[in-house]
Number of protein chains: 2
Amino acid sequence: MAIPTETLFLDPDSERTLQQQIQGLVADSILSGRFQAGEKMPSTRAFAKHLKVARITVSLAYNELVANGYLVSRDRSGYFVSDTAPRLPQFRPPPPDPEDAVDWDSVIANPFAPPSELVRPSDWRNYHFPFIYGQSDPRLFDHQNWRLCALNALGRKDFESLTTDYYERDDPVLIEYLRRQLLPRRGISARPEEVLLTMGAQNALWFATQLLLSPEKTAVMENPGYAGLRDLLRQVGCRTVFAEVDQDGLPPEAIPHGADVVCTTASHHCPTSVTMPIARRRELLRRAREENFIIIEDDYEFELPSLRAPTPALKAQDRTGCVIYVGSFSKTLFPGLRMGYLVAPEPFIRQARSLRAYIMRHPPGHVQRTMAYFLSLGHFDAQLTRMGDAFSRRRAVMEKAIEENGLELATPGLSGGSSFWLRAPAGVSTTALALRLREDSVLIEPGQAFFNPEEPNQNFYRLAYSSIASNRIPQGIELIARATEELARA
Amino acid sequence: MAIPTETLFLDPDSERTLQQQIQGLVADSILSGRFQAGEKMPSTRAFAKHLKVARITVSLAYNELVANGYLVSRDRSGYFVSDTAPRLPQFRPPPPDPEDAVDWDSVIANPFAPPSELVRPSDWRNYHFPFIYGQSDPRLFDHQNWRLCALNALGRKDFESLTTDYYERDDPVLIEYLRRQLLPRRGISARPEEVLLTMGAQNALWFATQLLLSPEKTAVMENPGYAGLRDLLRQVGCRTVFAEVDQDGLPPEAIPHGADVVCTTASHHCPTSVTMPIARRRELLRRAREENFIIIEDDYEFELPSLRAPTPALKAQDRTGCVIYVGSFSKTLFPGLRMGYLVAPEPFIRQARSLRAYIMRHPPGHVQRTMAYFLSLGHFDAQLTRMGDAFSRRRAVMEKAIEENGLELATPGLSGGSSFWLRAPAGVSTTALALRLREDSVLIEPGQAFFNPEEPNQNFYRLAYSSIASNRIPQGIELIARATEELARA
């Protein structure tokens, strides 16, 4: 029986190429049993005419389907569904029985609250003025070289080293680059046994909190601070002390005696961007040594340009191994990559490696190798330079617009990285402001999520310039100023 | 100052292309400050001569370095280190202070034992007769199409959807394929809200045990069974009952009253390959319903050819939602990919999704999209057919060799998937046998790791044929038989 072309349609919204769509269409129909072994396929001419595509597109799709064993080509008579084409076994599922359904509330032993609410809608790219944080800007990403590196990493030569299940090891090429190129920029020297790759910074923080904390222990976190960390501390059930941050970051005197773990973003505080001066760092390390607490340093956004000379990481001054260092590529490459790393003394890394093996074995091999190529061929540094230039320009435009429109920087002169931290007029809730601004296609990040939930503070907000083009900034800031005034008057 | 070519060397052991090596060499030297801004690079001719490579290779590397901002080209005078080349800030790390080092044993609140020992050496590819399990065979993998799919997934069109940090969602294309094509083969129908992507099966099992178990709960696992699961149960600290498996898999009557979670590999038992008959499945589900326990089904190796018609998953018969289904692509694509999935009722998946967001957000986006392409274009099914053919041939050769050499199959006639489960003569320790066989370049998997550690059993071993070519099998089996006799006599 010949297969009529009429049963086959292309999806106008598909993201695939026409050839891919045709291949998928035919493969699906064979797998699902709609096309049976021995049946004659429409001729390439008829099929092309029906689908309104070039005949060569259908031919190429058919060739691929022949290569994959779905079709056979018989001289002069055309293409047929192969007798040995892949097939799906079909089973009829029993009807569901909702009466008897499991009561999941009683069954789940360790319920997990959803992580802190996102401050951006998932369709943020459709907004005109997305002052949102931490997403990559496709205009700045070196697409072509990333693809080339991925292609290299997927080459036959690398295949064996990448596809193997290597519980213990990380990609030695990537570790070497980190140790020799990236960490030295932060003043850190580390042996390979002191570095562990993670699925982004969140994963690194999870390992650290999981290993170091328990309900009997006390953790200190910065207030305001990173909401993702607060989630982790709440989940582990430890006592959490919120230490108020000032113009110099976390004050050592705000750390109570008896602390077990102190979490800090010393070089570039989240979300205010202030930097901890060297005297404070020394005092922090001295107390850690004397009182035997561990410091988790989230060295966040260090690669991005700063107004001042870069400062080394806190870890660089750590002579006793009391600092656990967390780094990430989410901001400089893209967050969907999920790549970060831990640097810490070997006994800690050994434990974190075991924990990683339990929960997921290791991050995917070819993602590691792609990064290793991208970094070691110099593309990463080139990308940082490019991002730095663009971000500096955007920051200058933004600073001017902020001043002209009378908005208030909470930490003037200190902003670096990719965002500003602003204070709204007294009485204006930035949560309400953010919601109101969506009507104008403006996205801002209300500050509430960064504060101790027991002392809510809706007076601040963050404006990032990592995802917004320079020429949109002035109008966006103007809209924010107008909406702020509106709310202040109300 | 001109840079002398003499300071630059290629690494003969490097896995990179010559052009990549040259690029890396120059970028490294600039980043580390060895080459300074304004310095003249060696001419392409001189450099090529020194390195003994084609001049075009050096030219291409230089072009790339110009594009990345490391070099500038001046007409007629050659290439120079750019004034704006990326540079590394340099810090001098303080000397270490080992006297004062942190005592990690006292600091780590939740120590993690290393996961169960690996039964293969990391250089297993250098062994002549690798009867090891679970590694991918590069001879069977559809390399070229995987690379093409990766290239597509990294295309500009897909970039936005893949690079974004999307905590909640999985790649909708991949989820759709799983629901419409893969799960129906196991008789499972599921809504998108009932599926969650994980970092391999281990990660899926971790989510399930983490959510469902606690020190107060009781888990049942098969004996012998999967060592990775036993590790997870030990870590969560629940009471673990080991249920002896017979020729029909896990006997429902071996499940004690009061069990909270029962873990099973019903369709293809690990490591014996036996299949649970339908009557037992019904009884297992009936008891789960009546006694309110949850079943974790690790539907392991279902895609691989079996001697008999495929059976649907246990999950296919689940009418109350008491089965949590775990699947993986590690065996059919490659383990380094780290991709698996959970299928379970929505309340459970919601919790698992929250937990996933805490520990790592989500699996990398472009790995998901690459898989989505590979699967939906029909390459995956074609690959299964190819693997099925090769594995069937290898199994036939192996079965014959096993019989001819007088080795004993522990589950005769039942083996499928990618391995056989064998019994050694009484008194022969397969742990010792495995060690002895390494001298002959033979790798086997001693069975000890699969058994309840409190009742050690060294009488069994697993021989897999997923990584060994057909023509090596007979000699390998002969060597095993000879070493077995040797140990039996000793």
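Let me start with how the two chains relate: chain B can be laid on chain A with an RMSD of 0.0 Å by a turn of 180° and a shift of 0.0 Å along the axis. The two copies are thus related as by a two-fold rotation axis. That superposition is by least squares on the C-alpha atoms of residues with pLDDT of at least 70 in both copies. Of the residues of chain B, Leu151(B) comes closest to the rotation axis, with its C-alpha at 3.5 Å.

Some housekeeping. This is a predicted model, in which local features need pLDDT of at least 70 and side-chain atom pairs count only at pLDDT 80 or more, while totals for chains, interfaces and linings use all residues. Residues are numbered from 1 along each chain as its sequence is written, chains are lettered from A in the order in which they are written, and side-chain values use heavy atoms, with hydrogens and water left out.

Now the interface between the chains. How many residues does the contact take from each chain? It takes 130 from chain B and 130 from chain A, where contact means heavy atoms within 4.5 Å. Of the interface residues of chain B, 100% are also interface residues in chain A, so the copies meet through the same surface. The area buried between chain B and chain A is about 11800 Å², and carbon and sulfur atoms give 58% of that. Buried area here is the accessible area, taken with a 1.4 Å probe, that two parts lose on being put together, summed over both.

Across this interface there are 2 salt bridges, a salt bridge being a side-chain nitrogen of Lys or Arg within 4 Å of a carboxyl oxygen of Asp or Glu. Asp28(B) forms a salt bridge with Arg180(A), and their closest N and O atoms are 3.7 Å apart. Which element of chain B gives the most to the side that touches chain A? Helix 11 of chain B, residues 346-359, does, with 8 residues. Helices (H or I, at least four residues) and strands (E, at least two) are DSSP runs, numbered from the N terminus.

Next, inside chain A. In chain A, 26 residues of domain 2 are in contact with 27 residues of domain 3. The area buried between these two domains of chain A is about 2300 Å², with 56% from carbon and sulfur atoms. The count of salt bridges between domain 2 and domain 3 of chain A is 0. On the domain 2 side, the elements that give two or more residues are helix 13 (379-404) and strand 12 (419-423) of chain A. Helix 13 of chain A gives the most to that side, with 7 residues.

Last, some backbone details. Most residues other than glycine have a negative phi, and most peptide bonds are trans. In chain A, a cis peptide bond joins Cys270(A) and Pro271(A), with omega about 5°. Pro271(A) sits in the loop between strand 7 (261-264) and helix 10 (278-291) of chain A. In chain B, a cis peptide bond joins Asn223(B) and Pro224(B), with omega about -5°. Arg76(B) is not a glycine, yet has a positive phi of about 70°. The place of Arg76(B) is the loop between strand 1 (71-74) and strand 2 (78-81) of chain B.
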